[in-house]
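This report describes the packing and the chain interface of a two-chain model. The sequence and structure are shown first.

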Amino acid sequence: MNAVVALDTLIRDRRVWRGQPAALPSGAQPTGIAALDAALPARGWPEASLTEILLPADGVGELEVVLSTLSRLTRSGQRVVVVAPPYVVYAPAWQAAGVDLAWLSVVDARDGDIAWAMEQCLRSGSCAAVLGWPVRIDDRTLRRLQVAADTGRALGFVFRDRAALANPSPAALRLEVGPGVLDVHKCRGGNPPAPIAFARS
Amino acid sequence: MLWACVWLPSLALDAALRSREPPDGPFALVTGSAQQRRLVAVDARARAAGLAPGQRLAEAEAVCRNLQTVEYDPHYMQESLALTAAWAYRYSSEVRIDPPRAVVLEVERSFGLFGPWPRIETRLRGDLAALGFRHRIALAPTPRAARILANMQDGAAVASPEDLPQVLGSIPVARAGLPPDAAAALAGMGMRTLGSLFALPRAALQRRFGSELAEALDLLLGRRPDALAAYRPPDRFDARIDFGCEVKHHQGLLFPLRRMLGDLAAYLAARDGGVQRFVIRFDHVDAPPTDIPIGLLAPEREAAALFEVAKLRLEQTTLPAPVLELGVHADALPPFVPESADLLDARAANALPWPQLVERLRARLGEDAVYGLRVDPDPRPECAWVRDGDSGKIESPSLPRRPTWLLPHPIPLRGPTPRILAGPERLETGWWDGGDVRRDYYVLELATGQRAWAFSTPGECGPFMLHGWFA
């Protein structure tokens, strides 16, 4: 027995299951939505992983879920890249939401290049978060993105139509955003919690 | 002063070989008219097969079936020598080209920067091997002595002028680069080595052979300064490779392209410069040449980075016809300012810095594909943001809520009557440039749960034009 592992570490990493739930320390990448943070096993976004955000239509609050994270990252001088946004990224509103525009970059890409651009940004290690709106993306490409996010220690966000829920996905977190509700369909490190009410600002 | 001579014994062959994939058989350079083709230079395998320079091509092909040949190009040899001089400029401010195949550089004043001679020699040899030139190197107090020593004895080093007559003494007169008629006459007189020549009185030599021989000896021993013109690197980079046959695939272009960009990088390192814009030109048989202009955001000089950008751009390009010749041209070579890295930065070792990532994205997606955003104080929603520009922070005026997504062009909003959450907000502005706007903006909630930002004609609550989403 040459390696002594502290019990605290085991419990914090959720490698030991205890009978009664214990209050866990806050995660390294809080979402900024208290109810969501409490429900997720990582107490925030899964670190260095891909998160899939599924929506029925544009404008249901999908950006509100991530904006507080983007604001936190850009204000601490970390780069956030938006790949192939479906509309114009409206700078006044993003700035009003607290995003430091100096650390926000937009990448225009054609259909076939979106996943490539996302992978490059995730893998580079110079971006803290990468958001992408791929038109068509398959299981293998998602897995590549997941590996790239892990290599580059970045948060990856893929925004897709909720029709994709029917297919399995390698993403560490699958979050469905509906009008007034957040529904976690898959989360690494625990069972998906019940749907969470989501009050829009 | 101490001079190092870099002697390139097989320059013509190396110049031709280094821009190609290594040949898989005997290789030779040929020249002459169609009837009188002769070999100019042969590589080790061809020599082993019994070929020699000067042989007729027909004979050579009879001896050696799988001989690969390339047209000998003296111009290309000169370019290679100029490249070597440009590279040597990195180690010394005093570089001289000694045609046809030597470059001489003054190294004593560089000892303070690069360390003693053995260390410089190792660096020179390493660089030359990477550039693909076989070489011999020698050190001597005069340029001529260094050249003769390099030719005779690779690695020779004579540091003090007093030792020079003794070291040179054993060198045959015929190899000492003396005027040819004098050398022939000396051989006839039984003077075989330079040592016996040094022993003769100078006045008698001058009377007998004229001043030419005496001057040559003075230059050799450093009694008078050598007047070879000092090399000055040009302010532009121009290189080309003639393939001699048609190259049909991208893959075949990558090797020579990598080599040329490596040359460019060596050249830039020597002048402590970078390159921001350069053009890769492909010449075709019967089509106008294809130019791929490459622009970088900041001056760059790493061979690998340049090659990566060029490769991505080449992959995006369709070449209309097979390629005969490849060229790389750079006109402006701005100073290079290295990116300052944070000593305590905890990023992973394989991380790609943001500027290089942007170059990679731009190379594949287009020059304008990556941009930042800035807020503009214009009250019209569609004018309130600007692509890129300086990241000077402008506080947006405190306005009612704005949507995070803006539609590039407003579209009619259809479907059941939406619920009005906020509004109207009257915008009546833009009179100064003809783009007048008179709108009442509303925040709407649609039956699907979406939140929309839409406007209607002032005073009328509908029909709505959709202009954005509160996502």
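What is the area buried between chain A and chain B, and what share of it do carbon and sulfur atoms give?

## Interface

The area buried between chain A and chain B (accessible area, 1.4 Å probe, lost on putting the two together and summed over both) is about 4000 Å², with 60% given by carbon and sulfur atoms. The model is predicted: local features need pLDDT of at least 70 and side-chain atom pairs pLDDT 80 or more, whereas totals for chains, interfaces and linings use all residues. Residues are numbered from 1 along each chain, chains are lettered from A, and side-chain values use heavy atoms without hydrogens or water.

In contact (heavy atoms within 4.5 Å) are 47 residues of chain A and 42 residues of chain B. Two salt bridges (a Lys or Arg side-chain nitrogen within 4 Å of an Asp or Glu carboxyl oxygen) link the chains. B:Arg387 forms a salt bridge with A:Asp108, their closest N and O atoms lying 3.9 Å apart.

## Helix H5 of chain A

Ten of the eleven residues in helix H5 (114-124) of chain A are buried, that is, under 20% relative accessible area (1.4 Å probe, protein chains only); helices are DSSP runs of H or I with at least four residues, and strands are runs of E with at least two. Among the buried residues are A:Trp116, A:Met118 and A:Glu119. The partners of the buried H5(A) residues include strand S5 (129-132) of chain A and helix H15 (354-365) of chain B. Just after H5(A), A:Gly125 has a positive phi of about 80°.

Key. Buried < 20%, exposed > 50% of the residue type's maximum accessible area, 1.4 Å probe, protein only.
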